[in-house]
Amino acid sequence: MQPDPSTPSSYAPKTYAVILAAGSGERMGFSTPKQFLKLAGRTVIEHTLAVFQGHPGIHEIFIVVSAKDRLYLEELLLKNPVPKVTKILNGGSTRKDSSWAGINAVPEKDAYVLMHDAVRPFVSRRIISETITALGRHPAVDVAVPAVDTIVAVDKEEFIRDIPDRAALRRGQTPQGFRLDVIRKAHELSMSDPDCKVTDDCKLILRYELGDIFVVRGEEKNIKVTYPEDLFLADKIFQVNSSALENGPPLKRIAGKVVVVFGASKGIGKAVMEMGREYDGRMHGFSASTGCDVSDAAAVERALASVLEAEGHIDAVVNTAGVLRSGRLVDRDPADIEREIAVNYLGSINVVRAALPHLEATRGALALFTSSSFTRGRGLYTVYSSSKAAIVNLVQGVAEEAAPQGVRINAINPERTATPMRFENFGHEPPESLLTAQEVAEATIKTLFAGFSGTVVDVRRKSKALGG
Ligand code: CTP
Ligand code: MG
């Protein structure tokens, strides 16, 4: 049954997502295919699968993979199940062969299929929704963004033969959506067409004139991880994505959740304690002033053991303890430098090591603190800024190690915040230029109970986040 193409249909046939993951990633140049590289604590394909799994319009997911990666993929899915995945299919040597494997495996006669590159983990819910909706009106749908560079067409000798008008040019992304009968026919026609060199599914529709192809607006962030540089960009997009948390749903009650805060006596740690209590969390705070210095591993272990004893479990651990000292590196007192590293860096390592066994029992989460200086060292604050860079690296590595046990860890990156530490070092600053400790506390608690890991969560002032 085909929906009436002239009106949007309330009837949508069963919708399949076919995730193409049978490539070898030659341009990336690693021995592991790029869909299995890790980003923010999970493989690229797991991020992609999570988007389709979470979209209510997708009924089943097929994954197309090369025979040699099949076992690895099956193991991934055993560890982190994706319930909508119903078939794992062997791909072919070209993308077209792989997409045919997916199309051919759909049992129904009428269905929608969305073909998507496994290596586009940032596809949005909106893109998927609009692709499905557009299939109610059109037999084929592509996703594309405006071309930003001028595109030149060259001949075999590398001379320009044409410069098409950029206004009409788009760069194709995925998913590409099709009514099953149409894309099936396109592939069947190409099999008895020896001249067909076409590799793109939409181009097959064009070649055999099987109907119009509507273009849904893509997004710049829906990148295809292709070259090593894209991994840097992808990391950054994860970061920006999670800072969207500020504009996300409001903080929910955390009734019954046991949260431990180190550095709890002042500043951000104190604000986390207060806000956690306000939202019904069972909060336990420790600080150097009450005898628990994070640079002392045994003290951290004792603190956590006391909470376990009192509560029976621990759901989340936050470490806000930090010191900030300034001065030219050559002028500073060595003992003072060691102290700064011991609190800022080793302290976080102590907290992570002591907390992980407890959090494995609850599939819980950790939050550490970094600073905007992690991306670039700051003169006069070299020890502080390099220790904060170390925290980000630590979080990324621990996220990988702890993922199999279901434990998440993220780094909170507040911009300048009104805290006693800031005041001691920088004196009075206009309050409107600073984040409040409460804003940072809110982002921290949201992060603890959100689903992601291995991420740097930027916390910005609301006015600035909105471009003010
Ligand atoms: N793909 C596939 N089967 C193939 C080739 C590609 O399923 N025979 C998939 C890739 O796994 C990827 C998507 O199609 O998810 C887009 O392809 P591309 O970016 O070209 O990936 P690779 O072919 O793996 O990379 P390269 O071209 O650099 O080798
Ligand atoms: Mg390729």
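Hi everyone, this is a short walk through one predicted protein model, from its overall build to a few local details.

A word on conventions: residues are numbered from 1 along each chain as its sequence is written, and chains are lettered from A and ligands numbered from 1 in the order in which they are written. Because the model is predicted, local features need pLDDT of at least 70 and side-chain atom pairs count only at pLDDT 80 or more, while totals for chains, interfaces and linings use all residues; side-chain values use heavy atoms, with hydrogens and water left out.

Let's start with the whole chain. The C-alpha atoms fill a box of roughly 80 × 55 × 45 Å, taken along the principal axes. You will find 14 helices and 17 strands; these are DSSP runs numbered from the N terminus, H or I of at least four residues for helices and E of at least two for strands. Of the 468 residues, 52% are buried, where buried means under 20% relative accessible area, exposed over 50%, and partly exposed in between, with a 1.4 Å probe and protein chains only. Among contacts (heavy atoms within 4.5 Å) between residues at least 6 apart in sequence, 73% join residues at least 24 apart.

For those who like charges, there are 57 positive and 57 negative side chains, and the centres of the two sets lie 2 Å apart. Here Lys and Arg count as positive and Asp and Glu as negative, without His or the chain ends, and each charge is placed at NZ of Lys, CZ of Arg, CG of Asp or CD of Glu.

Now, which residues touch the most other members of the largest nonpolar core? They are Val-260, Phe-262, Val-300, Leu-304, Val-317, Leu-366 and Ile-409, in a core of 33 residues. By nonpolar core I mean a set of buried Ala, Val, Leu, Ile, Met, Phe, Trp, Tyr and Cys residues joined through side-chain atoms within 4.5 Å. Several elements each supply at least two residues, among them β12 (258-262), α9 (297-311) and β16 (408-414). The largest share, 7 residues, comes from α10. Take Ile-409 as an example: leaving aside residues up to four places away in sequence, its contacts include Val-352, Leu-366, Val-395 and Thr-455. A second, separate core has 30 residues, including Ala-21, Phe-52, Leu-77 and Ile-88.

Next, please look at strand β7, residues 140-146. Is this strand mostly covered or open? It is mostly covered, with 6 of its 7 residues buried. β7 pairs with β10 in the antiparallel sense over 6 bridges, and Pro-146 has Arg-170 as its bridge partner in β10. β7 also pairs with β11, this time in the parallel sense over 5 bridges, and there Ala-140 is bridged to Ile-213. Two strands count as paired if DSSP finds at least two bridges between them.

While we are at β10 (residues 170-179), notice Pro-175, which lies in that strand. The peptide bond from Thr-174 to Pro-175 is cis, with omega near 10 degrees.

Glu-209 is not a glycine, yet has a positive phi of about 50 degrees. Glu-209 sits in the loop between α6 (201-207) and β11 (213-217), and is exposed at 71% relative accessible area. Asp-280 also has a positive phi, near 75 degrees, and is found in the loop between α8 (267-278) and β13 (282-286). Asp-280 counts as partly exposed, at 38% relative accessibility.

Thanks, everyone!
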